[in-house]
Structures are given as C-alpha cells and as structure tokens.
Amino acid sequence: LGPRFWQKSAGIDQVAPSCSMHARLGRLTWRGCLPHAGAMVFAAAAAGAVLETCHILLPMPTHLAPLMPRCVALGRSRSHARVCRRQRMQPVGYREKFAAERLARSRERQVPFPVRIDDTWYDLSGYRKKHPGGPHWIDYYKGRDATEAVYAFHSEQARRFLKRLPRLDPAAAVEAQAAAPPVSEITRGFRNLRQRLEVEGWWERDYWQEARWFGAWAFLFTAGIALAHLPDGGAEMSVVPLALAHVQGAWLGHDYTHGVDGFCRGMRLFAPLAIGVSPGWWGEKHHTHHLVTNQMGADTDISMPPLFVWAPHPDDDLPQARKSQHLWFPLGCATVFFSWRLRSLAWAADAAWNGRSGGIAELTALMIHWLVLLVLIPLPVIFAFVALAGFVCAAVLTTSHLNEELYDGFQDDWVLAQFCSTRGAATRTAFTEWMWGGMQYHLEHHLFPTMPRSKYPCLKPLLRQFAEQHNVPGGYREDDEVEMVFKTFDRLKQIAEGNCGDATTPRLHDILETPSDSQGPI
C-alpha cells in the first residue's frame, strides 16, 4: 500500500519530508491501525479454514508425507479430531468397496477378451465397457469374428479407431484362431463385394431424392391436419393422409437411425418429432434384430408374445391366445405403434433421468410431438390413423422374416444367415413400391444397413448374381407381395393349430452366451 493510504487511514494529513520512518510510524494512532489489524486476522483465519477443509476433503497421499515438515506431520498425526471428522465424511464400507472395485478391474484386465476383425485378433477386455453402444454388443462376439458387424453398423471414422485397439497376445491369438470357426468362402466373397462398393461410392447420398421423400411426408401431414379442421366429415377424411404420412415418416426415421453420416446424425430427432418413436430405444431393439436375425429367443422382432412364430416352450405358451393368433393378427398389427410410442416415452424419461446422452433431447422431441397432435388433431382421428399406420408397417415387416429359417443359436456365418432368413418383395404397382419405403429390398438393407436406400434397386441384381456365384442355399429370395402376406397367414395358422414345444425348445427371451464364456450370462 502507498504512503497516502497509510496517512489517510492513520489520520496523518501531512508528513514532513525530513521525518524519518520511526517518526512517521510514531504518529499512527491505534484507531487508524485497528481496521487493518482486524483484516489481517480475518484473512489468516480464512486461510486456516481453507487449509483445514482441503486437509479433510483431500487427505495428503502417503508418498508425500516425508516432504512435510516434521512438526506439521506430527501435529496432523496427533490430531484425533481431524481423523474422526474425515472418517465420518466417508460412507460405511467406502474403503472396502473401492479396494474391491480396483481388484475386480485389475482381474478383468488380466482376462483377455478375444475378438477377430479383418483376420486380426484384438483384446477388448479393457475397451468393452467403453464402447459407446454398451458392452453387450461386444459380448456377442467373444471368441468370434465381428468383421461384418463392425463394417455394417459403424462409420468410417469409427472403423479408423481399430488401429488404436490393443492386439491380442500372439500365443493367445493362435489359440483363439484354432478355436474360432473359419471364415467361409461366402463371407470372403461378400467382403470383396463390400470393398468394391465402397470404392465405387455407393454410400454417397442422393440429397434430391431425400428431399422428395421428406417433401411427400410434409405434404401428407399438412394435408391431414388441414382436412381434420374441415366441417362435415373432414376429420374422417384426414385419417388416410395422416396414416400415409406416418408410414413414410417411419421409413424416413428408420433410414436416419441406421445412417452414420453427418446428414443422418443431424436428422436423428426426426423420428420422435414426426412419429413419436425414440431412436435410442428403437435403435437398440432394431440393431439386435440385424445382428441375430431370426434367432429364437434373441431376435426381439420374432419374440412377440402372445404372437408365436414357432412352437413355444411349455412355460411360455398361452394356448388361448395362440390357438386364434391367425385371426387376431391384423388387430395385433394395428397396436404396434401404440406400444412403440409408450415404450419410447418410458425409455426417454429413464434416459433423461439417468443422464444418458441424448435422453433429454429425445424426451423433449416426444413431448413436442404429442403436444402438436393433441392440439391440432381430434383424439379419435389420432387413434384411427396411428392404428392404420401400424397395421401397414407391421404387415410389411413381418412378411420378410416369419416364413424363413429360424435359428436356435448364434450364427457365425452372418452373411449366409441373412440370405437364408430374409426375403424381398416384388411389388405390383408404383404405389406399393412407394408404400414399402425400401423394405421390399429387405436383403439389401440387412446386408448394407447404412447404405442409402436409394441405391437398393441397383444393388439387387448384384446380390442375385452373388448368390448364384457362391451357391447360396435358396439363392436370392423374393416373392410377390400379396403371396408373402398369405404365406405369413398360413405360417401363423400352422403354429396355432399345432402343439407347443418341449423342454428343449428355445424360450421367448433366451440369454445369449458366448463360447467358453467365463463372465456368466450376457
């Protein structure tokens, strides 16, 4: 502080230039110095409180104790009150729990988790819990080949991350290679085909086509809202355009959830805003369907009680509902979107409450969707168009898989499993071609889920040729769209009129286990 400050605070108006320092200090009055002494005492007390709090909350590591002065170290060791206070701040069993968690993590790092990608074995024991989608996706492939899953569902940026993953020990890699099923010729040929398509730019998006699809949805939705406000039967007339808009919105939301490019990431909230379905909940469900297609007990798209697509386990059977399932199947299709909307709200609320990434945004988008519907559309019209849209989408999706092979275990040859469990539809008119929303090219979508669906018509002859060259059982499967609906009805009727399975029949929701899995059920 400058001399003028001390002069004014001590009551000294003028100081002779010839005065010495002792003379100046002698003129200071005790009233002038008292505030400064109090401020210094307060600062010292505050500093002591801060140091005390830091000592309680952040105790000094033991390896730094020798650096402390001897008097301070002795003083802290003899301060029983401080030790008791620090112990009271920690929950009961905190030290034991922390030590157990560290021991579990160290043991987990010691146990290798072999996964093969592009003929290279990686140890994912330390990465599986860091996987953005969750560790259960990696758990499917312990000791297996995950190449097709990596390329089918991940962006190019995510695939570049493979170079940073730790490699499996050479001795353990030889052992894992001997235990894992060999890569089939069909899979090798498919990898060559995929590499060729990537070089040719098949993943480049046609934004003009995307704009036309989005414009069709916007026109139908706007027309439906306008008709809903017309008098004399206008509300009944709005059901059909709103249902068509809902169907096309479902296909667009399906595309945006599968896509891994920047455009699809930007359109991720379209599904909750347009059709009231959470992309987080539905993506978890639908990606499981892609990984374990038609696997009984694992694929949620074929485990839909009280609807049964195989003779159920005695403990899962509902005889009264199963015996008539072919009759009430259309009504069940109409309830699909109601169920999906309720599950989406529950998932988004839970995600927002637990702080999951994107949970608050999805919940907000779902609330906006319902607010718009309840304000602009009469309630009976909402029930009618949601039921009609659910019937159309469910009829399209069920016909592509229910009549094909069902598996009672994990299929290591993912490419062959897709060919044998998926069937495309040959549409009859341009309207039904538009109505199917690209799902008539169902095999193309299952093999290349991140590819824009505008490429599927040109991809169809290539897959047909691929099936002929590699002698795929059943070849490229495709039927007339109407015949597929009747075959689905016959399949459900056959299950309804038959008996239930035995104790060896797969359950509706079996637990997937990896070979030689030492970590228990997944």
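Ring pairs join Tyr 207, Phe 214, Trp 217, Phe 221, Tyr 256, Phe 263 and Phe 270 into a cluster. Rings of Phe, Tyr and Trp (its six-membered ring) count as a pair if their centres lie within 6.5 Å, and the planes are called stacked under 30 degrees apart, edge-to-face over 60 and tilted for the rest. The model is a predicted one, so to speak of local features takes a pLDDT of at least 70 and side-chain atom pairs need 80 or more, while totals for chains, interfaces and linings use all residues. Residues are numbered from 1 along each chain as its sequence is written, and side-chain values use heavy atoms, with hydrogens and water left out.

The structure holds 17 aromatic pairs. One of them, Phe 190 with Phe 448, is tilted, at 5.3 Å centre to centre and 35° between the planes. This pair links distant parts of the chain, with Phe 190 in helix H11 and Phe 448 in the loop between helix H25 (442–447) and helix H26 (456–469), 258 residues apart. Helices here are DSSP runs of H or I with at least four residues, strands are runs of E with at least two, and both are numbered from the N terminus. Phe 190 is buried at a relative accessible area of 3%, and Phe 448 is buried too, at 0%. Buried stands for under 20% relative accessible area, exposed for over 50% and partly exposed for what falls in between (1.4 Å probe, protein chains only). Trp 217 and Phe 270 make an edge-to-face pair, 5.0 Å centre to centre with 70° between the planes. Trp 217 sits in helix H12 (residues 207–228) and Phe 270 in helix H16 (residues 270–274), so this pair ties together parts that are 53 residues apart in sequence. Both Trp 217 and Phe 270 are buried.

Helix H11 (residues 185–200) also carries Arg 194, which counts as buried at 6% relative accessibility. Beyond its neighbours within four places in sequence, Arg 194 is in contact (heavy atoms within 4.5 Å) with Tyr 151, Ala 152, Trp 203, Leu 447, Phe 448 and Thr 450.

On a 1 Å grid over the protein atoms alone, a pocket is an open set of points with protein on both sides within 12 Å along at least five of seven lines, a cavity is a set where a 1.4 Å probe fits but cannot get out, and lining residues have an atom within 4 Å of a point. Points are joined across faces, edges and corners, and a volume is the space filled by probe spheres set on them. H17 gives the most to the pocket lining, six residues. That lining splits into 22 nonpolar, 13 polar and five charged residues; Ala, Val, Leu, Ile, Met, Phe, Trp, Tyr, Cys and Pro count as nonpolar, Asp, Glu, Lys and Arg as charged, and the others, Gly among them, as polar.

There are three cavities of 30 Å³ or more. The largest cavity has a volume of about 90 Å³, and H14 supplies the largest share of its lining, three residues. The second largest cavity holds about 70 Å³, and its lining divides into six nonpolar, five polar and no charged residues.
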